Amino acid sequence: MTEQEKLASLQQRRAVCPYPNCATGTVMDMVDQRMIAPESREYAFGDFGDEGSLPIHPHSSWTQQECWVCQLCCRSVLEVIECKQTGWGKDAHIEKLTRLVLWPSPPPRVLPLDVPERIRSAYEEASRAENAGAARLAGVGYRSAVEELCKDQGATHHTLYGKIQELAAKGLPADVITALDETRVVGNDSVHHGVAYSPEELADIERVSLRADQLIGYACAVSDH
């Protein structure tokens, strides 16, 4: 086995291929991994430990890129990862804080054309921000989509919380109200407090944005009334 083949076999992961005409749960092989900031550093096979992870870096935090290849369609996926190291020596632990797919560029989630334009445009812009790794902007955008949805349904309270409660009084399902309110909270933290998101809060952003998809069916239904 060549050194490059050893490097490619160091790390594998199960994932859904991001290419639309593949989009299948598969195994991906890492074929390249290198630091790109605060310095440019190409990793060699000897840099890796037994588990395919890098040992101690001269930096406590850094940005690296990884190239993965789908075993089914054999196409490459390029990602940028923000990393942080805690501890030293045998206690060293590398934590991957954020992971952004650069290629293929993920398309934004969109709402059907029969949903009012103000809701659709805010939702799509939020999804684009999320795909670009702009979590705070995404939070603001999803909150804006929720507010437009409430206004479209005739809610008139001066706060978004009040508008959501008006829709609850009209009999909206509890899970929809929960999704609306969670999106409101994330948006408020983003726009009013400039929250610097922890990894757990970034996970909440993703969960809320996925929950926002639950609003699609409701938005489609209400647009017909």
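Helix α2 (residues 117-131) and helix α3 (residues 135-152) have axes that come within 8 Å and cross at roughly 165°. The model is predicted. The points below cover this helix pair and the nonpolar cores.

**Packing of α2 and α3**
- An angle over 145 degrees counts as roughly antiparallel, and α2 and α3 are therefore roughly antiparallel to each other.
- The crossing of α2 past α3 is left-handed.
- On the α2 side, the contact is made by Arg-118, Ile-119, Ala-122, Tyr-123, Ala-126, Ser-127, Ala-129 and Glu-130.
- On the α3 side, the contact is made by Leu-137, Ala-138, Gly-141, Tyr-142, Ser-144, Ala-145, Glu-148, Leu-149 and Asp-152.
- By class, the residues of this α2 and α3 contact are 10 nonpolar, 3 polar and 4 charged.

**Largest nonpolar core**
- The largest nonpolar core contains 21 residues.
- Val-146, Cys-150, Ile-164, Leu-167, Leu-172, Ile-177 and Leu-180 have the most contacts inside this core.
- At least two residues of the core come from each of α2, α3, α4 (160-169) and α5 (174-193).
- The helix that gives the most to the core is α3, with 6 residues.

**Surroundings of Cys-150**
- Leaving out residues up to four places away in sequence, Cys-150 touches Ala-155, Leu-160, Lys-163, Ile-164 and Leu-167.
- Of these neighbours, Ile-164 and Leu-167 are also listed, like Cys-150, among the core residues with the most contacts.

- Another core, of 9 residues, lies apart from the largest one.
- Among the residues of this other core are Ala-15, Cys-17, Met-30 and Cys-70.

Technical notes:
Residues numbered from 1 in each chain as written. Predicted model: local features only at pLDDT ≥ 70, side-chain atom pairs only at ≥ 80, totals over all residues. Heavy atoms only, no water. Axes fitted to C-alpha atoms, helices over the stretch in contact; angles between N-to-C directions. Helix = DSSP H or I, 4+ residues; strand = E, 2+ residues; numbered from the N terminus. Parallel < 35°, antiparallel > 145°, perpendicular 65-115°, else oblique. Left-handed = near helix turned anticlockwise from the far one by under 90°. Contact = heavy atoms within 4.5 Å. Nonpolar A, V, L, I, M, F, W, Y, C, P; charged D, E, K, R; others polar. Core = buried A, V, L, I, M, F, W, Y, C linked by side-chain atoms within 4.5 Å. Buried < 20%, exposed > 50% of the residue type's maximum accessible area, 1.4 Å probe, protein only.
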